[in-house]
Amino acid sequence: MAELTIIIPTYNHADRLRHTLEHLALQEGIDETEVIVVNDGSIDETAKYVDQLTYKWLTVVHQGNKGRSQARNNGLKRAKSNYVLFLDSDILLCPGYLTELLAAQNKNPGIYFGDLFNIHFDKTERCVSLLREQKTKDGAKEQLKKLEKVDLLVNMARYFKIWHPEQKVGWPCLTAANFSAPLSILKQAGPFDENFTGWGVEDHEYAFRLNETGTEIYYLDTIYGCHLDKAKEKINIPLLVENLLYFHKKSKYNSEVRAYLEFVSGHDSLQSLFRRSMNMPLTDCSEEIYFRPYKHIRAKQVTANGR
C-alpha cells in the first residue's frame, strides 16, 4: 500500500495537467505513491491525454461535469494510504517536495501545505523550463520569484508567518491547491461540500472544517509549488457571492468566517483577519493590507492576448 495518495481534480486543463504530471514523474519517491486524476467531464483533450499515459503510479477516473468538490470526493473514496495530498492540475512541485512532506507527516502528523509561486499566464513556459532544469528545490527559487504575481488568496501564509514566526498558521491560509493531511483526519472532517458551484470558496470552507477537528495546520515554506495561472473568460460574481453567504450561514455565522468574508470582500484588512482567526494581537505592523476583489477578478478575466 502506498504511503501517500495524490488526488488531482481537473477540468479542461490538458496542457497544464501535462506539466503537472511530467513534474510529478521527476519526484523522488513517486513510484511508491498513488496518483489519482479525476477528470471532471472535460471537453478539451484531457480524456485523450490521460488515457494514453502509462505511468504505473497513475489511476484515472472519469466523471460527468459535477464540479471540483465531487471530483475531490471521488478521488478521496479511492484513497487507501496513510496520507493524502490534494493537488490542483495547474501546480508544479519543486524537487524534493514529496520527500520533505512525508518526513514532516511521519514526524508530526497534521495538515501541511507548501509555499506557492503564482505564475502569470504569459510566464508559463519560462517557469516550466526553470523547474525542469533544476535538480534541487532552491535552484530555481530566486528566478521564480521574479516571475510570480503575488495573490493574497494563495500567499496569505507568508504574511501570517511574518507576524507569527512559527509553522502554525490559521485556516484561511489553506487552499486545496497543495495541502496534505492524514486520511483519518479527512474522514473525520467529512467530504468537500458539493453544494458549492462555480469558482472559489469550497476549499476555504473545507479548511474551516479541518480546523474544527483540532488538527494543527502547518505552513512548510521550505518546499513550494508553482501555480500556472490561467485567464478566465468569465467569472459568475453573483454565484461567487452566493457561495460566500452559504459558507457563512453553514458555519452558523461563526466570527472567524465573518472575518474571512470581510477580508475577501475588501471590507477589512489582512491584519484584522490574522488577529481574529489566530486569536492573538498584532500591534507592531506596517500599513494595513487590503484585498481588492474586483481588481482581482478583472485580472483573472483578462484574456491571454490582452483584450
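Predicted model: local features only at pLDDT ≥ 70, side-chain atom pairs only at ≥ 80, totals over all residues.
Residues are classed by relative accessible area, with buried meaning under 20%, exposed over 50% and partly exposed in between (1.4 Å probe, protein chains only). Residues are numbered from 1 along each chain as its sequence is written, and side-chain values use heavy atoms, with hydrogens and water left out.

Salt bridges were considered under the criterion of a side-chain nitrogen of Lys or Arg within 4 Å of a carboxyl oxygen of Asp or Glu. Across the whole structure, the search returns 19 salt bridges. One of them joins E22 to R132, with the closest N and O atoms 3.6 Å apart. Because E22 belongs to helix α1 (residues 14-24) and R132 to helix α5 (residues 124-133), this pair ties together parts that are 110 residues apart in sequence; helices (H or I, at least four residues) and strands (E, at least two) are DSSP runs, numbered from the N terminus. E22 is partly exposed at 29% relative accessibility, and R132 is likewise partly exposed, at 42%.

A further salt bridge is formed by D221 and K161, whose closest N and O atoms are 2.9 Å apart. This pair links distant parts of the chain, D221 being located in strand β8 (residues 217-228) and K161 in helix α7, 60 residues apart. Both partners are partly exposed: D221 has a relative accessible area of 26%, and K161 stands at 23% relative accessibility.

In the salt bridge between K250 and E205, the closest N and O atoms are 3.0 Å apart. K250 lies in helix α10 (residues 237-250) and E205 in helix α9 (residues 202-212), so parts 45 residues apart in sequence are tied together.

F192 itself belongs to a cluster in which ring pairs link F86, F179, F192 and Y206. Rings of Phe, Tyr and Trp (its six-membered ring) pair if their centres lie within 6.5 Å, with planes under 30 degrees apart counted as stacked, over 60 as edge-to-face and the rest as tilted.

In total, 19 aromatic pairs are found in the whole structure. Among them is the tilted pair of W171 and Y260, at 5.7 Å centre to centre and 50 degrees between the planes. Its members are 89 residues apart, W171 in the loop between α7 (156-163) and β7 (178-182) and Y260 in helix α11 (residues 255-264). W171 is buried at 0% relative accessibility, as is Y260, with a relative accessible area of 3%.

Helix α12 (residues 270-278) is largely enclosed by the rest of the structure, because 7 of its 9 residues are buried. These buried residues are L270, Q271, S272, L273, F274, S277 and M278. Their covering includes α7 and α11, where contact means heavy atoms within 4.5 Å. The helix is followed by N279, which has a positive phi near 55 degrees.
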